[in-house]
Structures are given as structure tokens and as C-alpha cells.
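Dear colleague,

Please find the structure just below this note, and keep it open while you read. My comments come after it.

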Amino acid sequence: MGIPITVQVNGVSHSHEVEPRLLLAHYLRDVLRLTGTHIGCDTSSCGACTILVDGKAVKSCTMLAVQADGAEITTIEGLASNGELHPLQKSFNEEHGLQCGFCTPGMIMTATDLLANNPSPSEQEIRHALEGNYCRCTGYHNIVKAIQNAANTQG
Amino acid sequence: MGKFIGQSIKRVEDKRFTTGHGRYTDDIVLPNMTYAQIIRSPYAHARINSVDTKAAAAHPGVVAIFTGKDIAEAGINGVPCGWQVDFKNGDTMKEPPHPLLVADKVRHVGDAVAIVIAETREAAKDAAELVEVDYEELPAVTDPYKAVQDGAPLVHDEAPKNMAYDWELGDKEKTDAAMASAHHITTLEFVNQRLVPNAIEPRSAIGDYDATNDKYTLYTTSQNPHLTRLLMCAFVLGLPEHKVRVVAPDVGGGFGSKIFHYIEEALVTWCSQKIGRPVKWTAERSESFMTDAHGRDHVTKAEMGFDKDGKIVGLRINTWANLGAYLSTFSTCVPTWLHGTLLQGLYTTPAIHIDLVAAFTHTTPVDAYRGAGRPEATYLLERLVETGARELGMDPAELRLKNFIPPFDGVNQPGYQTQVALQYDSGNYEQVLKKALEIVDYDNFRKEQAEARKQGKLLGIGISTYIEACGIAPSAVVGALGARAGLYESAQVRIQPTGKVSVYTGSHSHGQGHETTFAQVVADKLGIALEDVEIVHGDSEAVAFGMGTYGSRSLAVGGSAIVKSLDKVIEKGAKIAAHKLEAAVDDLEFANGAWTVKGTDKSIAFGDIALTAYVPHDYPEGLEPGLDFSSFYDPANFTYPFGAHIAVVEVDKETGKVTLKRFVAVDDVGNVINPMIVEGQIHGGLAQGIGQALFEEAIYDEDGQLVNGTYMDYTMPRADDLPSFETDRTVTPCPHNPLGVKGAGEAGTIGSTPAVVNAVIDALSEYGVKDIRMPLTPQRVWQAMQNGKQS
């Protein structure tokens, strides 16, 4: 039997009955059809599914949907506000911080959390913060630059 | 440099990716869709005694289950190999079938045995656990050298000694003679370890059969949807090609692994027709590890002969290449025509010979992975050169400069004919190395190194220079070498009546940024705005034909096809313009988006000509309306990018941990359309090449189990494992394609690996370490230091 949950996702409240084993990542993708949150592994290693849960970056494959009951969630689809892209969304474009785009939502969400806690991180701090996110295309070089760029813009 | 060509234009495709609106295969949900789970062998080699699906079939939500027996009874062929490499004695290559589902014997961990289709992914997974397969485990072999020895377990009965083929290239007699008279011979025995490409998007496929129109659609994570369609229709399912549409939407990285036609693509297509509903399969990461084609996996004995002045006099190579359990689409050409042919490197070596055996083993099939054969060739050359320099007491940079092929532009000087079948197009090899040495400040480094040593720090510097062959073609040549496909590219340029342009390319972008780069070429050539150009790719229904994206070929081959179509547009446009301007065609020139009568101010804009072509009221007599051209471009030769990479490392004395302090890459990829994108390609390639040097290896145990088949166990470089890269370039245009471009996708991967290993060996010079097997994990480096100390 399903368990009822209510979550606030990108400012919209959703109530569903979900199987206890349903991962939050699958809930977002399959139930809410928010497919910007990607799944790249089975071991919570790649970070492609990173979202914000109550403001903190979380790999949504490490959480069950039922654990998110009552939480406020932001996914990549909810990052822009009033049609204005988030500084990180802009800086990833400006610094060529993405190629295939698959890891990008997770990278941006992780960086959002980083900059919220450390508005002007050093290169090493950025690289350390990205440790949980794999990118196979960029060699991270331009992702680091994009985050530095966004930090400078925000600051 | 034009208004767009040569400029770092920001990518037009980014917005959908940064806002979460990319459309990858697994994002697609079709009405009435079902979900597939594939039952895979847990054994590397086993006889299947029985498959019992009764309990699974009774599980709620299960729609259908098919086994190897069903596939065999339906008379479906296996997935084919696209390149034939025959034995030295002329015998035909051994090409055992690779069925969609195996019925009799499994041959690697992950081999597909049955497919369960259900209403939900969860139901399919639950039911899959109820399928009972009775296996009788058999002994396995995983190493290519051991596989071809007497008494090794056989992968296929029809391939004695597990040999798919043996192969040689170069002049054996001349090489043996050169080696016999060499002043010094440097010998190294390598394992170029097996890698897993690991695109972050797992493979996925959706089959969708439309019974009303008897039409099939396959959505798949492919680098070349047209080739997948051709192989699946003509060789596997026997479907009429015009009834099959293959779509490769946004694809999350490929690096080679998504070139090939995989069993799952044909399986979901066939199953969809059987059950009359769409069928989706998406790999879990562990399935990707077991079934995405792997890369590299060579065992090599390499010898390089030098004269007393350090000139290379000969190169002799013996390689055992692992092809895995079945021949993947391009597997056979990788260790041969993409590896043996690159053994000239940048050097004037007068005598070269390679002898190679390609072996079946009980492992995941091996095929092209970023660089494909060229990293293996570069690795052995650059390790030999560096080791040779050390043994001869020469500076490794100097030894390279002494042996480089002198500069040639391929126009005023002819191309360079190698000892191993290729003719290089153009090159200036000294220039790239000198530039890299200058950036890294090579002359001062040795002082810095000596200082650091005094403080107990182990610093090392390593050089690598490379050449690669991209855009492999022309078709007639690759056909003669065994390719079962042409290697041209197609492009359609459709000028819309309003002057907007739709370009349909057979290349496929899965990160390369074609929607931007190709648009830059089109906008510049037509003198129009960038936003007036739309690049369409990845759909066999929209794009007439294509050979896809791999081997750094998109711009050199696909871009050239676009230029051919643009030329036709401009040529026809000139006829219309001449009529409108009441001038002769020869008196017109086309520039900045307008035809002008030379020497006058009489001109007509591109947009006016476009409209006239579709509203041909006042129009040249006898000329067809419309402005829409298709072209196929079959290159005259391969393209040959080259470069020099230098790594600076520090090795921790206590732990053996290698820290990459600096990485300098100077690459020459010919002309550059978008420097930002080219640099991005180089960065990504470097990370993968460094990954091979320091972190990555697919490890099989004796029983054929892939023991590190997850992201928890297989180590790829993370952000804090790498420094920011120092990249630069020289430009030696390709003389034989209209854009003068050579390709940039693989350069970083090819050059970087030996630079890092050479740097570590240099750091350990006081320990007398000659070689360490990749990846250079702290444990291996520490062990090498201990062994060195003892001796």
C-alpha cells in the first residue's frame, strides 16, 4: 500500500501515495515528471541527481520519497526565478561549464549549496565541494571557472 | 577569422541543459509504455541447462518474458561486427554470433539471458528475480595473452586458441635487421589496462512499434543513429529500413561507448512489436559496467632501437589485444588499423613492425574508447622514447627533437609517407614541443627539481608527444582495409523562404556543441545571423543519412559536408542574383550575405534571393525553384592532429600518492572554429587520459568476475584530483578539407597518459624505477619505491 506524502517542490505543493521503497529521485522523475534530475549510478557516487532539500544539497537517490514528506525541495527546474536564470545557470554557459549536460543539474545544485555557505570559495574549496559529483566531459576545469564566475557575480 | 568562425561563441544548446529541460532517452515516457529488465549472467562462462520463467510470469504486472530460446526460434541474428580483419595467412576472421539473448552458453558476466517486460520498472525488477536460470559453471579466461596459449578455456568452439585473427604491419625483415644493428635497444613490457568509458548517462533504449502503420521507432543513446538503424534492420531483425525510425535525442556523453549497435536496441524494438506496446530499457550503472563496450586492454612487448647518437633506427612490437567475448561493432579495427598504423608517431623511424594477436576472452566486449588504438600506440612510443633517453643519458626533449619528422604543410611540401601505411597530411612537430617546453619552463624545472630533492620532495616532469588519425576515410580505402561501411558524412542545407536556414547533419552531438560550431560555419559562409541557423541531428526521419560522431570526425567530415551544401546554395543563389541584377554570374561576388556586381554598388541580399527561390515569379529561365541541397562528403585522407603534453607531478615519499601539480597541453588540431569548445574538448580528454595513468582499471578476477563494477570501486578522476589545465595550441591547417580542420575530440586522451607516467618515473629516478604498471596507484608507486630501494 502507498504511504501518503506531501512535498513542496519548486514552490508547488504535491501530495501522493508512494511505495515505501520509491527513491526520491524516481519520485521526482517518474511521478512529478521533473526529468532535469538525472540518475547516473546505483551507488550515490555520481551526484547527477543532486537537489536541494530544505536548502541543503542532497543526492536524491540516497533518500526515499517518504523521507521527504514535509520537505521543501528545489530541483534544477526551479532554480530560475521569474524567467531570470540563476547566476550559476548563466555562468555555466559563459564559462562553457557543460558539454553533454547530463551531470550539469547536479553540479549546479551542488554549487548552489556551496555558494550559499561560502560566497567566495577558493579553487581548492570548489574542487573539494564537487568531490561528490562526477563529470566525464569537462575535466572539471570550466566547471570550477563557472562557479568562480558566479561567486564573483553574486558577491 | 570570420564574424563567427574562430570566435568563442557561447553555446546555443546550453539553456535546455542548465534549466533541466534536456531530453535524454530515459526522460521519454510514451503512452502505454512498459519497462524491461534483462536477466544477465552472473558467471563469466557457463552452460545454461534451463531457464524457468513460470514464477516470474505469474508475478503481478508482468506483460511478457522472452528467453534466448525465443530469439533463436524467431530466427533473429546476432549483432554484427562492422570491420573484417582477416588472419595473416588469409583465413577469414572468426566471427561467432552475438545473439540478442543467449540460449546455450554465457560468455561473460552480464551476458543477456532473458528479458522481463512489465507495467512498471519495479514489477519488472521484482519478476526478474523470480526467473530461475540453471547454470553449469565452466572455467574462464580473461587475459588476452593467456587466452591464446594451449589449453586455455575456449570462448567459442569455432575459434581455436581463442584467436579472432592475427595481424601484422610494417617490414619485418627490415626491422629485424635494424634492431640487430642498433647501438642500443630499449625494451618495455606493458599492460595497457582495460578501461570502462563511463559516460555519466547510462545507456537506454525505447522500442515503439506502431501496428497501424507497421512502423518502428527506436529511441536510443547513440552516437550514430543511422548506422544503428542500418545494422539493426539489415543484419539483425531483417526489417525494411524505411519502416524504421531511429532517434538519438540528447545523449549524455559517449566517448565511443555509444557508437556500437547493442543487443538491447534490437531487443526492445523486437519486443515492442511482439507485445504491441512501447518497451523501455535503461541500464543501471552496474549493467553499464558489465555491458558497455570497454576500451584498451593490450599486453605488449615493445622494443625501440637507437643508434649511438640517439636516432631511432627501429621499432618492434608484439601485442596481444583483448576483444572480449564477442566482436563489438568496430572492435576489430581498433588494435589494428587505429593502432598499428600510428606507430610512426612523430618520428622518422625507418623500420617498424608490429605483430598482433586478437583474442576472445570471457569478458565484456572491448571496442573503441576515446582515442581507440591511438592512445595505446602513443603510450608505447612515448614510454619507449623516454626510457630510451634515460638509458642513453640524453635529455628526453632533445631526443624527441632529434627524431622528429621535419615540418611539412601538405601543400608546398608533400604529405609524409609513414612506414605503416598512412600518409600524414601536414605537421610541425618541433613547434608544439618547443611551445610546451617554454610554457612549463623546462630549463628551469631541473633546478627546481634538484632544490625540491634537497628538501626531500620528489618532483618529476614527463613529456609526451603524439599524432592521431581522425576522420578516417576515404571510403574506398577503409573498405580495402576491411570496413563494412563507408566513412563519409551527409548534410542537407535547407534555406527557408524567409532566409532562415535548417541544417540536417549526419553527425551527432552528445556534448561536442555542434548546434553552435556548425551554426558558426553556416552563418559565416552565408553572412547571416547565428540565430537564423538551426542545426538538426540525431533523427533518421529528419536527417537523410549519417555516419555519426566518433574518431573526432564531426567537423572534418560532417562540417565539410555542410560546406559542400553551402557552396551549392551560393552557386545557385548566384544564378538567381544574376537574373535579378541583370548581370553575368561571373561578374558577381558573394560576401557579407549579399551578391554584388563587382565594382558597383548594385547588390541583392541573401534573404531576397531565398524568397525569390520559393516565389519564382521573376526568375531565371529553366532554373528549378527552391534552395535546398544535400551533399555527401568523402574525405581524401585522414586528418592528423598532433601535440605535446607535459606533466609535472609530486610523489609522496611516505605513501606513494601522486599529485599532479601542472599539466601543459599544446595541441594542433588545424583550424579552429570555436576555441572555447576546442579547449573544453581538450580538458575532458586530458581528464580521461590522466584517469588511465593514475586511477582507472577494470579488474577481472580469475573466474572472470568484474570486481570493481560500480562507481564505488572503479576510480575516475574527481574535481579535487586534477589541477586547472594550461592549454595552448599551434595551427597547422589540414590541406585537404575545406575548413582546414583536423578534429579535437580525442587529442587530450591520447597525449596525456604517457606524460603523467613519464613524470612519475622521472620523480622516482633516484630509485632506479624503470616502469610501473598503470594505473599508478599509491600502492603500486610505493611498492616500486621499496623495490627500487632494495635493489
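What follows goes through a helix pair, a pocket and some backbone details.

This is a predicted model, in which local features need pLDDT of at least 70, side-chain atom pairs count only at pLDDT 80 or more, and totals for chains, interfaces and linings use all residues. Residues are numbered from 1 along each chain as its sequence is written, chains are lettered from A and ligands numbered from 1 in the order in which they are written, and side-chain values use heavy atoms, with hydrogens and water left out.

I begin with the helices. Two packed helices are described by the angle between their axes and the distance between the axes. In chain B, the axes of helix H18 (residues 675-694) and helix H19 (residues 747-763) come within 7 Å and cross at roughly 40°. Here helices (H or I, at least four residues) and strands (E, at least two) are DSSP runs, numbered from the N terminus, while axes are lines fitted to C-alpha atoms, for helices over the stretch in contact, with angles running from 0 to 180 degrees between N-to-C directions. H18(B) and H19(B) are therefore oblique to each other, since angles under 35 degrees count as roughly parallel, over 145 as roughly antiparallel, 65 to 115 as roughly perpendicular and the rest as oblique.

Next comes the largest pocket, which holds about 700 Å³ of space. A pocket is, on a 1 Å grid over the protein atoms alone, an open set of points where a 1.4 Å probe fits, with protein on both sides within 12 Å along at least five of seven lines, and lining residues have an atom within 4 Å of a point; a volume is the space filled by probe spheres set on the points, which are joined across faces, edges and corners. The largest pocket is lined by 34 residues, and A:His26, A:Ile39, B:Arg121, B:Lys125 and B:Glu284 lie nearest its centre. H4(B) gives the most to this lining, with 4 residues.

Finally, the backbone. Most residues other than glycine have a negative phi, and most peptide bonds are trans. The bond from B:Ala473 to B:Pro474 is cis, with omega near 0°, and B:Pro474 lies in the loop between strand E18 (458-467) and helix H14 (475-480) of chain B. A cis peptide bond also joins B:Met774 and B:Pro775, with omega about -10°. A:Asn10, which is not a glycine, has a positive phi near 50°.

With best wishes
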